[in-house]
Amino acid sequence: MTRYIIDCDPGHDDAVAILYAAKHLDVVGLTTVAGNSSLENSTRNALAICTLAGLKLPVVPGLDRALIEPPLDGAYVHGATGIDGAELPAPGYDPLNRHAVDFIIETAKAAPGELSLIAIGPLSNVALALRLEPRLAGWLKSIAIMGGSTTSGNRTPYAEFNIVCDPEAAAIVFDAGVPLSMVGLNVTRQAGIAERHIARLRQGGGRVSSVMADLLAFYLAKMQERYGTPTAAMHDPCAVIPLVRPGLITFQPLPVHIELGEGPLRGMTACDSRPMRRDHDQPGASRAANCDVAVAVDGEACVDAVIDTILGYDRP
């Protein structure tokens, strides 16, 4: 049995990812990090999402800032609370009085080889845990990351939001030797929530479906306003879907380098997809793959899977 901790910064698409994962996987806790909004907002939002869905997952707050960088936020998409657009219930329980980094380390130590992380926010918590406990890399089964891109970014022309929020943390995680999967914007942009999907949720008529419809309608409007796209990319659920429906997203093992220099490339996930012809490589250059990178997706099937799952929360 594989158990999962979701490290997150909810976030509209985080909310969808949490609901999808909780229905299909053995999720043993949520750890929160500053990203789309403040740590306080992320923690409250995680608790509120669980309360809405009748989940009682432990929620454990973590880092309120990046390892080095000043904080960024996603209020331009997710609103002032990090999850604007609907009246979420007040959290029905409190976060654990522990730190996310300790929770990750202790949970992995208790059952080596059985815990996987689903990291759908900045990688600050995960990186600090790997640095504080060097044995953690060997205890973890895998890390599934929503972040990066093989093509263009969103926060900058070359960098995706989760990675550029804390590039040093991303570099630590990608160099740690843990089996990694990366689902980036090149794939997630092809899995978009449209008006017809929101209409399906409204037709469901239940409490969870109605609230999620309102949240996703807000998210879609913000994405259309900012990017001019007809759909709202379901970024974070795409990190979870391969763990449940592995045929929907195709991966390729690649070397991935996190750019840490100053300037426009900072935070870029540089994916080396050249054919492996070592006679053309520079002397001493490493071409070893360190990550399974998502390269193709059945976007419609992915969105249908998450909509079906949300509707399921309102069924007896």
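Visitor: Let me start with the pockets. What volume does the second largest pocket have, and which residues line it?
Guide: This is a predicted model, and in it the second largest pocket has a volume of about 150 Å³. Its lining is made up of G153, N154, R189, M223, Y227, T229, T231, A232, A233 and H235. Helix 11 (207-227) and strand 8 (232-233) are the elements that give two or more residues to that lining.

Visitor: How do the residues of that lining divide into nonpolar, polar and charged?
Guide: There are four nonpolar, five polar and one charged.

Visitor: What about the second largest cavity: what is its volume, and what lines it?
Guide: The second largest cavity has a volume of about 60 Å³. Its lining includes V33, A34, G35, R65 and A66, and also P71, L72, P122, S124, C165 and D166. Seven of these lining residues are nonpolar, two are polar and two are charged.

Visitor: Now the sheet. In what order do its strands lie?
Guide: In general, the strands of a sheet pair through backbone hydrogen bonds, either parallel or antiparallel. Here, an open sheet of eight strands has the order 3-2-1-4-5-6-12-9, with mixed pairing. Strand 3 (59-61) and strand 9 (249-254) stand at the edges; each has a single partner strand, so one side of each is left without a neighbour in the sheet. On average, neighbouring strands of this sheet are turned by 25 degrees against each other, direction ignored.

Visitor: How is strand 4 paired with strand 1 and with strand 5?
Guide: Strand 1 (residues 3-8) and strand 4 (residues 115-119) pair in the parallel sense over five bridges.

Visitor: Are the residues of strand 4 buried or exposed?
Guide: Five of the five residues of strand 4 are buried. Both faces are covered, with L115, L117 and A119 on one side and S116 and I118 on the other.

Visitor: Which helix lies across strand 1 and strand 2?
Guide: Helix 1 (residues 12-24) lies across strand 1 and strand 2 (26-32), running at about 170 degrees to strand 1.

Visitor: Could we finish with I104: where is it, and why does it count as buried?
Guide: I104 sits in helix 4 (residues 100-110). Buried means under 20% relative accessible area, and I104 counts as buried because its relative accessibility is 0%. Leaving aside its neighbours within four places in sequence, I104 is in contact with I5, D7, T31, L115, L117, N125, A129 and L136. L130 is 26 residues from I104 along the chain, and their C-alpha atoms are separated by 9.5 Å.

How values were computed. Residues are numbered from 1 along each chain as its sequence is written. This is a predicted model: local features need pLDDT of at least 70, side-chain atom pairs count only at pLDDT 80 or more; totals for chains, interfaces and linings use all residues. Side-chain values use heavy atoms; hydrogens and water are left out. Two strands pair if DSSP finds at least two bridges between them. Helices (H or I, at least four residues) and strands (E, at least two) are DSSP runs, numbered from the N terminus. Axes are lines fitted to C-alpha atoms, for helices over the stretch in contact, and angles run from 0 to 180 degrees between N-to-C directions. Contact means heavy atoms within 4.5 Å. Buried means under 20% relative accessible area, exposed over 50%, partly exposed in between (1.4 Å probe, protein chains only). On a 1 Å grid over the protein atoms alone, a cavity is a set of points where a 1.4 Å probe fits but cannot get out, and a pocket is an open set with protein on both sides within 12 Å along at least five of seven lines; lining residues have an atom within 4 Å of a point. Grid points are joined across faces, edges and corners, and a volume is the space filled by probe spheres set on the points. Ala, Val, Leu, Ile, Met, Phe, Trp, Tyr, Cys and Pro count as nonpolar, Asp, Glu, Lys and Arg as charged, and the others, Gly among them, as polar.
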